[in-house]
Amino acid sequence: MTRSRLPSRLLVALFILFAPISAFAVNPDEVLADPALEARARTLSAELRCMVCQNQSIDDSNADLAKDLRLLVRERIKDGDSDDQVLNYIVSRYGEFVLLKPRFNIKTVLLWGAPVLLVIAGGLSLLVFARKRVGKPTGSKLTAEEQARLSELLDK
């Protein structure tokens, strides 16, 4: 192996070693026989938060609770529930926190409105700060000695 190829091969090896590998946690025994129902189940489980991991959907989590929720979603779908009915059932048992994208309602107004309110408050504070600075002189008045020196320099 030549010396010029060694760094590139090392870089590729390191990239492969440290690249994030997505692990799909859905086990083969959980998969529904009907591909359309399985697609609905995967879509719904991607919208639900794993209550153990809290940073992953139940579709990506290996936690036991996530598996139970995946099975519950598939069971509700097999029973003929619509997507909204499945989500409403899960939310009724675990609360709004189980949704990765919370719904907009009276309980979540602050959650959805806080970014807008923060941007408006920041803009207003910048405007007020800028207006206060406009009329203020920067620096201090020159002393008599400094004024004389400046006059002398300007007259030259």
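Helices, at least four residues long, are DSSP runs numbered from the N terminus. With that in hand, welcome to this predicted model. The protein has six helices and zero strands, and reading along its sequence gives the pattern α-α-α-α-α-α. Let's look at the whole chain, then at one helix pair, and finally at a single residue.

**The whole protein**
- Of the 156 residues in the protein, 20% count as buried.
- The protein exposes about 12,000 Å², and 62% of that area is supplied by carbon and sulfur atoms.
- Take the contacts in the protein with a separation of 6 or more: residues 24 or more positions apart account for 49% of them.

- The average pLDDT of the protein is 82, and 87% of the residues score at least 70.
- Which elements have the lowest and the highest mean pLDDT? Helix H1, covering residues 5-18, has the lowest at 71, while H4 has the highest at 90.
- A friendly caution for any model of this kind: where pLDDT is low, the predicted coordinates should not be read in detail.

**Where H2 meets H4**
- Helix H2 spans residues 35-47 and helix H4 spans residues 83-94.
- These two helices pack at an angle of about 40°, and their axes are 11 Å apart.
- The crossing in which H2 passes H4 is right-handed.
- On the H2 side, Arg40, Leu44 and Glu47 take part in the contact; on the H4 side, they meet Asp83, Val86 and Leu87.
- What kinds of residues make up the contact of H2 with H4? There are three nonpolar and three charged residues, and no polar ones.

**A closer look at aspartate 68**
- You can find aspartate 68 in helix H3, which covers residues 64-78.
- Is aspartate 68 buried, partly exposed or exposed? Its relative accessibility is 47%, so aspartate 68 counts as partly exposed; that class lies between buried, under 20%, and exposed, over 50%.
- Aspartate 68 and isoleucine 58 are 10 residues apart in sequence. In space, the distance between aspartate 68 and isoleucine 58 is 9.2 Å, C-alpha to C-alpha.

Technical notes: Residues numbered from 1 in each chain as written. Predicted model: local features only at pLDDT ≥ 70, side-chain atom pairs only at ≥ 80, totals over all residues. Heavy atoms only, no water. Axes fitted to C-alpha atoms, helices over the stretch in contact; angles between N-to-C directions. Left-handed = near helix turned anticlockwise from the far one by under 90°. Contact = heavy atoms within 4.5 Å. Nonpolar A, V, L, I, M, F, W, Y, C, P; charged D, E, K, R; others polar. pLDDT = per-residue confidence, 0-100. Buried < 20%, exposed > 50% of the residue type's maximum accessible area, 1.4 Å probe, protein only. Areas by Shrake-Rupley, 256 points an atom, 1.4 Å probe, with all protein chains shown as cover.
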